[in-house]
Amino acid sequence: MADTAATLPNADSPPTSNVVQNPRPDRPLYGGFSRFELELEFVQCLANPYYLNHLASQKVMQDPSFIEYIRYLQYFTQPTYTRYLSYPGPSLKALQLLQQEKFRQDILSPDIVSRLAAEFLLASIKSQ
């Protein structure tokens, strides 16, 4: 019988096939993702009006650092970055609306959330 212990992975070290290698050591990874990937994911989440409502209900949108972050994320409006968005219409519209204080307050209304959800759904269908 063959020695099976020689074929089993070492329990002290993770399997090398699951280890994420950073192709750009000069740019750190955050949980295995680049900063751009995380920002892209966040901007795409903004296309969900229910997520916007959740952020507003948690008072995240009142934080000046959140407003600055939204301003920073405007780089996604440039065609170089827009091409990475799955649904650019709703994502970019949300980025635009989030710059307005009135919208950040109005998104708490279930009626506004429902109307925005219908508009975003229609826009995402048209963009396909």
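Figure 1. Phe42 is buried, because its relative accessible area is 15%, where buried means under 20% relative accessible area, exposed over 50% and partly exposed in between, with a 1.4 Å probe and protein chains only. This is a predicted model, in which local features need pLDDT of at least 70 and side-chain atom pairs count only at pLDDT 80 or more, while totals for chains, interfaces and linings use all residues. Residues are numbered from 1 along each chain as its sequence is written, and side-chain values use heavy atoms, with hydrogens and water left out. The structure holds 11 aromatic pairs, defined as rings of Phe, Tyr and Trp (its six-membered ring) with centres within 6.5 Å, counted as stacked if the planes are under 30 degrees apart, edge-to-face if over 60 and tilted for the rest. In one of these pairs, the ring centres of Phe42 and Phe66 lie 6.5 Å apart with planes at 85°, so the pair is edge-to-face. Distant parts of the chain are linked by this pair, since Phe42 belongs to helix α1 and Phe66, 24 residues apart from it, to helix α3 (residues 64-72); helices are DSSP runs (H or I, at least four residues) numbered from the N terminus. Phe66 is also buried, with a relative accessible area of 7%.

**Figure 2. The ring cluster.** Ring pairs join a cluster that includes Phe36, Phe42, Tyr51, Phe66 and Tyr69. Tyr72, Tyr75, Phe76, Tyr81 and Tyr84 are also among its members.

**Figure 3. The buried face of helix α1.** Glu39, Leu40, Phe42 and Val43 are the buried residues of α1. Viewed down the helix axis, these residues fall within an arc of 165°, so they line one face of α1; the arc is that of the directions from the helix axis to the C-beta atoms. The buried residues of α1 pack against α2 (49-57), α3 and α5, with contact meaning heavy atoms within 4.5 Å.

**Figure 4. Leu38 on helix α1.** Leu38 lies in helix α1 (residues 35-45) and is partly exposed, with a relative accessible area of 38%.

**Figure 5. Gln100 in a loop between helices.** Gln100 is placed in the loop between α5 (88-97) and α6 (101-106), and this residue is partly exposed, as its relative accessible area is 37%. Although Gln100 and Ile67 are 33 residues apart in sequence, their C-alpha atoms are 9.4 Å apart in space.

Definitions and conventions:
Helix = DSSP H or I, 4+ residues; strand = E, 2+ residues; numbered from the N terminus.
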